[in-house]
Amino acid sequence: MSRRQDQESPPLVWAVICLTMLALALALSIVLLTPWTSPSDAWNSDRLLAQYFTPEQVQRSEDFHDAVKWSSWLRLLTDIVLAAVVGFSPMGRRLVDVVRARQWRWGVQVVILVALVSVVVRLLTLPFSAWGHRVASDYGLATQTWGEWVVDLLKSFGITVLLSSLALVALVGLARRFSRTWFIPAAGVAAAAAVTVSFAYPILIEPVFNSFTALSEDRLKQQLLDLAERDRVEVSEVLVADASRRTTALNAYVSGFGGTKRIVVYDTLVESAPDPEISLVVAHELGHADADDVLIGTGQAAIGSALGVVALFAVLRWEWLRRPLRVGSAADPAVVPIVMALSVLAGFASAPVVNTVSRQVETRADLHSLELTRDRDTFIDVHRRLAVTNLSHLEPNPWLNFWFNSHPPTLDRIAAAEAWRDTHDADSSTDG
Ligand SMILES: [Zn+2]
């Protein structure tokens, strides 16, 4: 063994130990904290479709998804292929050379490279995003003019470049400071950053896209607060987001944790749904708040981020991976395209795990809304309304559902509500 390898092997051993421990911690937290109730499988989908949706509604959902699917697929494909080309082929080196040719400081080089890669990827995927927006507008789902759409696009682009720049400056900076053991401080920083972003998201990022107001209707507000009290869930506020400036879709969500935990309801829902349906949606969100789903998700994201950093340290030791861009190590700003490419691939590869956990968590929140409201009919009504208004895919391909959907399909949710009624009725008959 050469002296050089001898010097380098201990950090690799530590990295492998860290990687194993983090992977175990993540796997354990997923196995132990995910509510693994078996989601109701809508095996009798034909009956459910016929019972709850008109043939026109089913057809319209199919038409919309037929029209929109190519833009989504091509955008995803372009994203992945571009990431690979920029990160792992000599074409990425041209970008790197443009930046290297100037005698900028390393931090400036990192930021310029992040911006350059992001601009290239965004410009080449833009036609597909625009196509998707066009289809959504044709179906009345998107309400933004092209001007407003571009403004949103620029805002989210700016935020992405800002956050990616911060992350990569930190990474390269730590690699320059701790050339052999940078993965240890970098993993800590990544985990802390995941927690910070999740906590600050409702205060700093959400207001960039929407404005939030307190519920103006006193009667509804009181109903929702009563519901939260009955549920013994502490929520700081129930806010209405002006989603209608962008979409006709109906939605609600819970975000933040600790002092920033709040329930947000779209104005589209408040304005179109009857009060019992709004209560039911809020009961679902209370389910998330009650189970601390945001906090648990944030903790898992923190472990996942640390894991990603240590994995990056390990794969960057492969010389063949660094060769196309002539990158020496993570201390070299030219590592930026490789890291960005790896994160796109990691996002795609981890989607089925993230979404499987999410669907289970959603199933638990659905059950919570049924238990809290004891109102199966309203549950079914609101999920019909959501599916019809949001043009949800009523019969998604099972594999695509497995990989990409964060929520269970509508028919599964309705089937679960029907099954819940059955067990509940059975319970009451044995009680009574
Ligand atoms: Zn939910």
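This is a predicted model: local features need pLDDT of at least 70, side-chain atom pairs count only at pLDDT 80 or more; totals for chains, interfaces and linings use all residues.
**Entry 1**

**Entry 1: the pairs around strand 4**

I looked up strand 4 (residues 262-266) against strand 3 (residues 252-255). The two run antiparallel and are joined by 4 bridges. Ser255 has Arg262 of strand 4 as its bridge partner. Strands 3 and 4 form a hairpin, with 6 residues between them. I checked the turn for a positive phi and noted Gly256, at about 75 degrees.

Next I took strand 2 (residues 237-241), which pairs with strand 4 in the parallel sense over 5 bridges. Here Glu237 has Arg262 in strand 4 as its bridge partner.

**Entry 2: helix 10 on helix 13**

For helix packing I noted two quantities, the angle between the axes and the distance between them. The axes of helix 10 (residues 275-290) and helix 13 (residues 336-373) come within 7 Å and cross at roughly 120 degrees. Because angles of 65 to 115 degrees count as roughly perpendicular and those over 145 as roughly antiparallel, helix 10 is oblique to helix 13. The crossing is right-handed.

I listed the residues in contact. Helix 10 contributes Ser279, Leu280, Ala283, His284, Leu286, Gly287, His288 and Asp290. From helix 13 come Arg364, Ala365, Asp366, His368, Ser369, Leu372 and Thr373. Sorted by class, this contact of helix 10 with helix 13 has 5 nonpolar, 7 polar and 3 charged residues.

**Entry 3: helix 5 on helix 13**

I turned to helix 5 (residues 106-138), which packs on helix 13 at an angle of about 45 degrees, with the axes 9 Å apart. Helix 5 and helix 13 are therefore oblique to each other. Their crossing is right-handed.

Which residues make the contact of helix 5 with helix 13? I found Val110, Leu113, Val114 and Val117 on helix 5, and Val336, Pro337 and Met340 on helix 13. The class count for this contact is 7 nonpolar, no polar and no charged.

Key: Residues are numbered from 1 along each chain as its sequence is written. Two strands pair if DSSP finds at least two bridges between them. Axes are lines fitted to C-alpha atoms, for helices over the stretch in contact, and angles run from 0 to 180 degrees between N-to-C directions. Angles under 35 degrees count as roughly parallel, over 145 as roughly antiparallel, 65 to 115 as roughly perpendicular and the rest as oblique. A crossing is left-handed if the near helix is turned anticlockwise from the far one by less than a right angle, and right-handed if clockwise. Two residues are in contact if their C-beta atoms, placed from the backbone, lie within 7 Å. Ala, Val, Leu, Ile, Met, Phe, Trp, Tyr, Cys and Pro count as nonpolar, Asp, Glu, Lys and Arg as charged, and the others, Gly among them, as polar.
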